[in-house]
Amino acid sequence: IPGQLSPAPRLLLGPGPSDAHPRVLTAMTTPLLGHLDPQFLEIMNETQTMLRAVYQTKNPLTFPVSATGTAGMETCLVNLIEPGDKAVICTMGYFGNRMVDIAGRCSAQVTVKEAPWGQTFDLQVLRETLQTVRPKVLGIVHAETSTGALQDISELGKLCHEFGALLVTDCVTSLGCTPVKLDEWEVDAAFSCSQKGLSCPPGMSPVSFSPRAVDALKARKTKVQSWYLDLTSIMSYWGGDRAYHHTAPITMVYALREGLRLVLEEGLEARFARHVRNHVALKAGLEALGLTYTAAAHCQLPQLNAVRIPEGADDAACRKRLLTEFGIEIGGGLGDFKGKAWRIGLMGQNSRPSCVFQVLAALEVVLLGAGVKVTGGAGVAAAEKAYAA
Ligand code: PLP
């Protein structure tokens, strides 16, 4: 029998999972309830009400899918796409490509619109695509975790509706960190995760569907190809008479409820401002160490700082030293950026000055050790200055 679990402590400053808040971990030790217990049904109601507040929506069909962010992505696409439907998927990084793959598996006629990694899409370009293709669905990533770029989607819903398309957005890395305004932005389907901006463990994917999306679902001519993710049945558990669909992961619902309480106690605006403040300090520090961002200056995510690995530094060796000597996890690059970028997350409760100073100080030591020319103390000093300002 293996020994009792006792992993070395880590500070999770990668692209996710981020550390769960201690209050979330405590909530997870609450005794189990049955998934149809009236007390649990009330907990579900509370969770949904808070999810709507965080997503800034009145959408009745708002609930957490019992699985990770990818299941949320799949839920949106399998329910809204029927075989032969046209879908435009916009990719500017790794996760856009995952949407392309899933839309293809739904037997959609997929048009892929690509922007260079680290860039975002211009609305005018998407207008032309919508005009030419006339898709049923347009899918786009709001916060592209592989490049650290934030796509402005504030006007995109309106544009999609002009051409009769539904807007599906990946809010996995944005929810709880940067503004997400589903109703104001006229988003039709959105999915997210529990393990980043909401400071919970991985395992839940909050989704939300506009009445327009629900109408499209009701108008389907074919059965949704996935049994588990078929909203027409899940709706009867999360959206209607609370009839059994699957055994809800009770403990994860407790966690999500507490994570959402934390977001709302802090207040959305204060939370977003905190993410920006810590990002500004981290960015000042990273740039003082000579590191450059992979995302263009106008669209950098506060919660995910992706920087190019400096010449001379060995990707795996540096990250290993950060992990084993300093207990800090940062992320490596994905796809086009594999071996070329590091991704430093300041998400949810980990967006705080102590995380900024720890990672800058440790990175400085690691870079110096790798023979990269950096001025000792420059990163931390620049962050201090940013906070003071
Ligand atoms: N979309 C984006 C933008 C992500 O960053 C991730 C994961 O990091 C996913 C989708 C997939 O989420 P998960 O790994 O929780 O399934």
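Guide: Beyond its neighbours within four places in sequence, Glu 74 is in contact with Ile 102, Ser 226 and Leu 229. Please note that this is a predicted model.

Visitor: What makes Glu 74 count as buried?
Guide: A residue is called buried if 20 or more other C-beta atoms lie within 10 Å of its own. Glu 74 has 22 such neighbours inside 10 Å, and therefore counts as buried.

Visitor: Where is Glu 74 found, and how many Å separate its C-alpha atom from that of Ala 270?
Guide: Glu 74 is found in helix α3.

Visitor: What does helix α3 contribute to the shell around the ligand?
Guide: Helix α3, residues 69-80, supplies three residues, the largest share of that shell. Of the 14 residues around the ligand, Thr 68, Gly 69, Thr 70, Thr 145 and Val 172 come nearest. By class, the shell has seven nonpolar, six polar and one charged residues.

Visitor: Which annotation covers Lys 196?
Guide: An unreviewed UniProt entry gives "modified residue: N6-(pyridoxal phosphate)lysine" for Lys 196. In the model, Lys 196 is found in the loop between β9 (189-191) and β10 (205-209).

Visitor: Why is Lys 196 called buried?
Guide: The cut-off is again 20 or more C-beta neighbours within 10 Å. Lys 196 has 29 of them, so it counts as buried. Leaving aside neighbours within four places in sequence, its contacts are Gly 16, Ser 18, Val 172, Thr 173, Met 347 and Gly 348.

Visitor: What does the record place at residues 34-333?
Guide: The unreviewed UniProt entry places "domain: Aminotransferase class V" there. In the model, the span is 42% helix and 16% strand, and its end C-alpha atoms lie 42 Å apart.

Visitor: How do you know that strand β5 is mostly covered?
Guide: Five of the five residues in β5, residues 137-141, are buried. Val 137, Gly 139 and Val 141 lie on one side, with Leu 138 and Ile 140 on the other, and both faces are covered. In a regular strand the side chains alternate between the two faces of the sheet.

Visitor: Which strands pair with β5, and in what sense?
Guide: Strand β3, residues 86-91, pairs with β5 in the parallel sense over three bridges, and Val 88 stands opposite Leu 138. Strand β8, residues 166-170, also runs parallel to β5 and is joined to it by five bridges. There, Val 141 stands opposite Asp 170 in β8.

Visitor: Why are β11 and β14 said to pair?
Guide: Two strands pair if at least two bridges are found between them. For β11 and β14 (residues 341-345) there are five bridges, in the antiparallel sense. Arg 308 stands opposite Ala 341 in β14.

Visitor: In what order do the strands of that open sheet lie, and what makes β11 and β13 edge strands?
Guide: The three strands lie in the order β11-β14-β13, with antiparallel pairing. Both β11 (304-308) and β13 (331-332) pair on one side only, and are thus the edge strands.

Visitor: Which helix lies across β11 and β14?
Guide: Helix α10, residues 268-288, lies across them and runs at about 10 degrees to β11.

Technical notes. Residues are numbered from 1 along each chain as its sequence is written. This is a predicted model: local features need pLDDT of at least 70, side-chain atom pairs count only at pLDDT 80 or more; totals for chains, interfaces and linings use all residues. A residue is near a molecule or strand if its C-beta atom, placed from the backbone, lies within 6 Å of it. Helices (H or I, at least four residues) and strands (E, at least two) are DSSP runs, numbered from the N terminus. Ala, Val, Leu, Ile, Met, Phe, Trp, Tyr, Cys and Pro count as nonpolar, Asp, Glu, Lys and Arg as charged, and the others, Gly among them, as polar. Two residues are in contact if their C-beta atoms, placed from the backbone, lie within 7 Å. Axes are lines fitted to C-alpha atoms, for helices over the stretch in contact, and angles run from 0 to 180 degrees between N-to-C directions. UniProt positions are given in the numbering used here, feature names are shortened, and annotations may be inferred rather than shown by experiment. A residue is buried if 20 or more other C-beta atoms lie within 10 Å of its own, exposed if 12 or fewer, and partly exposed in between; C-beta atoms are placed from the backbone.
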